[in-house]
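Dear colleague,

I am passing on the structure we spoke about, and I would be grateful if you could look through it alongside the notes below.

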Amino acid sequence: SKFVYFFGKDVTDGKASMRDLLGGKGAGLAEMANLGIPVPPGFTITTEVCVLYLEGKKYSEEVLKQVEEAIDKLETLNNKKLGDPEDPLLVSVRSGARVSMPGMMDTVLNLGLTDKSVLGLANKVNDERFAYDCYRRFISMFGDVVLGIDFEKFESLIEDKKKELKVESDTDLDAKALKDLAERFKGVIKLEKGFEFPQDPKVQLQMAIDAVFDSWNNPRAITYRKLNEIDDSWGTAVNVQTMVYGNRGNTSGTGVAFTRNPSTGERKFFGEYLINAQGEDVVAGIRTPDFIDTLGNKIPEAYNQLVDICKKLEAHFKDMQDIEFTIQEGKLYMLQTRTGKRTAAAAVKLATDMVAEGLIDKETAVTRVKAEHIDLLLHPRIDPNAKLEVVAKGLPASPGAAVGKVVFTAEAAEEMAEKGEKTILVRTETSPEDIGGMAAAQGVITVRGGMTSHAAVVGRGMGKPCVVGCGDISIDTKSGLFMVNGHTVKEHDYVTIDGSTGSVIIGKVELIDAEINEDLKKILQWADEIRTLGVRTNADNPADAGLARELGAEGIGLCRTEHMFFGEERIPAVREMIMAEDEKSRRKALKKLLPMQKEDFLGIFRSMEGLPVTIRLLDPPLHEFLPDKEELDAKLRELEASGDSSGKINEVKKVIQRVVSLKEINPMLGHRGCRLGITYPEIYDMQVRAIMEAACELTNEGMKITPEIMIPLVGLVKELAITREEVCKMAEKVMAEKGVKIDYKVGTMIELPRAAIVADQIAQEADFFSFGTNDLTQTTFGFSRDDVSKFVPIYQKAGIIEHDPFAVLDQEGVGEIMKIGISKGRSVKPDLKMGICGEHGGEPRSIHFAYDIGLNYVSCSPYRVPIARLVAAQSTI
Ligand code: ADP
Ligand code: MG
Ligand code: MG
């Protein structure tokens with residue numbers, strides 16, 4: 001089979017759709033070559049070879065043969081030979097996985113240079129300085145990437161050299177200095193590794209290829225994959241590509257750019273470049289690069305060609321591209337193209353703009369915005385009207401506001417996060433080793449680096465607010481502080497950053513809620529047109545209900561009535577009800593609650609303006625409404641000590657007695673849900689009366705109200721039958737009293753495995769089902785919801801389970817039980833309406849699943865409604 005794919009002007013084996021095999025970089029290079037875009041020729045060794053190599057640490061004869069053939073072809077095409085002492089072919093060796101892993105895998109440039117061939121190169125181009133610049137770069141990259149020597153070891157020698165010669169920049173070093181550096185670098189390798197820097201280009205190449213493959217398993221690559229849920233088994237491809245030189249003087253240069261602004265989405269060419277520089281100089285933040293717009297003044301022809309290529313790439317890939325280019329003596333070469341990472345705000349703007357431009361359709365636009373994007377856009381930000389003491393400004397690299405305590409190392413950020421502390425990571429610049437810390441921090445500040453620096457790219461990718469290149473900050477790690485424009489900020493002091501403006505603010509700034517802008521509204525409207533899955537909300541007060549409607553909810557899927565019992569003015573009546581010793585006194589207490597409950601429902605019905613409202617009757621065990629026993633004991637002791645004679649002592653004693661008698665060993669599986677309704681029917685009576693009276697009143701006002709009364713924790717059909725009969729009796733009674741006819745429904749939660757399994761029986765008594773996946777997960781796993789934190793994280797670390805099943809629906813187990821419930825329920829009533837409430841209703845993977853198994857709607861908390869609308873649409877596409 002084919003292990004090596006060639007790319008170049010006239011011979012290109014691969015194409016964009018082969019990214020699994022060629023990696024993103026290889027596929028992009030091949031596709032550009034196919035489009036007639038100038039790409040230095042080269043070849044890609046497939047990810048398949050990587051996987052085989054990592055298994056056995058060797059290559060098959062066939063692989064070695066194909067690589068050899070590709071090198072021959074490359075030599076013929078360039079009319080140069082690897083290691084030729086007269087005119088050597090130089091190549092880069094570049095990694096490239098299926099999905100881009102910025103800065104994760106390493107690249108070696110100028111491979112093929114040796115003590116002999118460097119002379120040939122110098123002669124050929126008549127530029128000794130250039131040749132030794134390439135050579136010293138190569139030796140240090142080879143030492144770092146291939147041999148694993150700390151780059152600092154080379155870097156410090158450069159610094160020494162600059163000091164010695166009293167020059168500022170790398171570009172000020174002359175041929176002699178660079179030659180000397182190359183010698184010293186070789187010395188470092190000898191010292192560190194005990195062997196000489198290899199002088200055979202074939203050996204160099206083989207070692208570099210091995211190193212790229214091996215780098216798939218370096219710790220930071222593993223961390224990145226974990227954070228981004230990338231499969232460990234994919235492997236990376238290797239690209240071997242003819243070198244082009246951005247370091248050949250003032251008509252040469254190198255840069256990275258985005259076809260549009262990746263931070264705002266604005267349709268404007270965006271990027272940075274350096275004149276007379278090679279490869280990584282731009283990203284590494286060694287020199288501060290210039291904005292791309294100014295390139296037009298310096299090398300106009302190449303710039304215009306670059307702009308044209310960007311247009312061509314966008315038209316072809318129909319998305320914003322992230323590109324790398326190099327200009328060698330006025331001639332432009334493209335070195336990479338890939339779909340650009342973008343911020344949440346940019347994702348939304350790009351998607352709506354591209355629909356307007358006719359580049360993509362609405363369905364595609366809806367898939368371009370991710371659930372995480374919406375989550376971020378709905379995150380808090382700094383109040384635009386707030387008075388702020390901005391102490392410094394950097395580049396607005398990744399938008400959003402973040403507040404946290406200053407830390408100076410990635411490890412510190414991670415340690416603090418484990419303690420639940422929020423941090424802002426402050427670094428001179430970040431490198432791939434900092435990824436874990438960046439993920440753990442709320443936001444990142446760097447002193448050096450541009451809009452395409454490591455911190456910026458990774459920050460945007462993670463959706464982490466990020467301010468980079470904040471040169472006014474000087475970090476003093478020894479004293480654990482940083483100075484900025486006359487202020488001193490110590491480790492663990494609070495700072496606030498605004499990644500949308502680049503502001504750094506001392507102290508803790510209050511953040512305000514986000515809003516949905518016009519572009520996002522458009523995306524969500526399109527999502528609504530596309531989706532078939534309904535989206536409701538979980539809300540139990542008019543404010544939440546109103547908010548959810550604004551965010552697009554089409555009804556309430558779960559109104560928990562117990563929350564209505566907690567109000568301060570209600571607790572006495574609720575307690576009285578619980579303390580009641582017989583039905584009669586209980587009814588008396590419930591009578592006091594009735595008008596309050598009715599008010600609640602009036603408010604909620606009003607704010608939902610006729611949309612369906614599912615109301616769950618009281619669910620939790622009664623003891624939850626009583627005060628804590630220890631508190632009561634303390635109060636009793638206090639009263640006894642003060643010699644109280646007002647009878648309070650007896651009162652408290654009675655409450656204690658009741659608390660003791662209501663106490664359950666396992667309340668989650670105890671006297672709750674419909675069990676409560678069946679043992680104390682007067683409670684549900686009161687609730688149903690409140691619902692129906694509210695509905696009747698509003699109907700008289702001309703509103704159309706459709707209450708859906710829901711019975712919790714049903715496992716036996718008779719539980720539902722009895723409760724339903726009671727509910728209907730009360731409903732009919734109220735309607736008769738008020739002389740109003742209401743179209744109400746009575747349904748049930750499916751939240752016990754037994755209910756799902758006998759769903760055909762239960763469906764006989766139900767007008768609808770709602771899967772209560774919180775309790776269903778609890779009862780299917782036998783995991784107590786309130787105790788999982790003691791073992792679930794350990795289970796996750798040990799690989800026993802992937803996700804917390806209370807956050808991400810367990811499709812294999814709980815999901816299977818749901819499927820039984822659905823099919824049994826619909827076998828009796830084919831049109832039975834079914835939804836899901838509980839935390840999973842707003843979780844993207846679970847929403848996809850809900851769609852796949854044929855539910856009619858999901859219900860989630862108000863802030864997740866927009867996410868659910870988007871994901872529901874994505875499910876159908
Ligand atoms: P990464 O995936 O980290 O971006 P790349 O393989 O893209 O790594 O390479 C790093 C840098 O080296 C880039 O700036 C790229 O443009 C430059 N580079 C790679 N190959 C060549 C080449 N053949 N000629 C000139 N520059 C190159
Ligand atoms: Mg790159
Ligand atoms: Mg429940």
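**Annotated site and ligand surroundings**

Leaving aside residues up to four places away in sequence, Glu751 touches Leu713, Gly772, Asp775 and Leu776, where contact means that the C-beta atoms, placed from the backbone, lie within 7 Å. Please bear in mind that this is a predicted model, in which local features need pLDDT of at least 70 and side-chain atom pairs count only at pLDDT 80 or more, while totals for chains, interfaces and linings use all residues. Residues are numbered from 1 along each chain as its sequence is written, and chains are lettered from A and ligands numbered from 1 in the order in which they are written.

The unreviewed UniProt entry annotates Glu751 and Asp775 as "binding site", an annotation that may be inferred rather than shown by experiment. Glu751 lies in the loop between strand 30 (745-750) and helix 28 (753-757), whereas Asp775 belongs to helix 30 (residues 773-781); helices (H or I, at least four residues) and strands (E, at least two) are DSSP runs, numbered from the N terminus. Asp775 counts as buried because it has 22 C-beta neighbours inside 10 Å, the cut-off being 20 or more other C-beta atoms within 10 Å of a residue's own.

Around ligand 1 there are 16 residues, of which Ser92, Arg94, Thr107, Gly279 and Glu324 come nearest; a residue is included if its C-beta atom, placed from the backbone, lies within 6 Å of the ligand.

Best regards

Technical notes: Contact = placed C-beta atoms within 7 Å. Buried ≥ 20, exposed ≤ 12 C-beta atoms within 10 Å, placed from the backbone.
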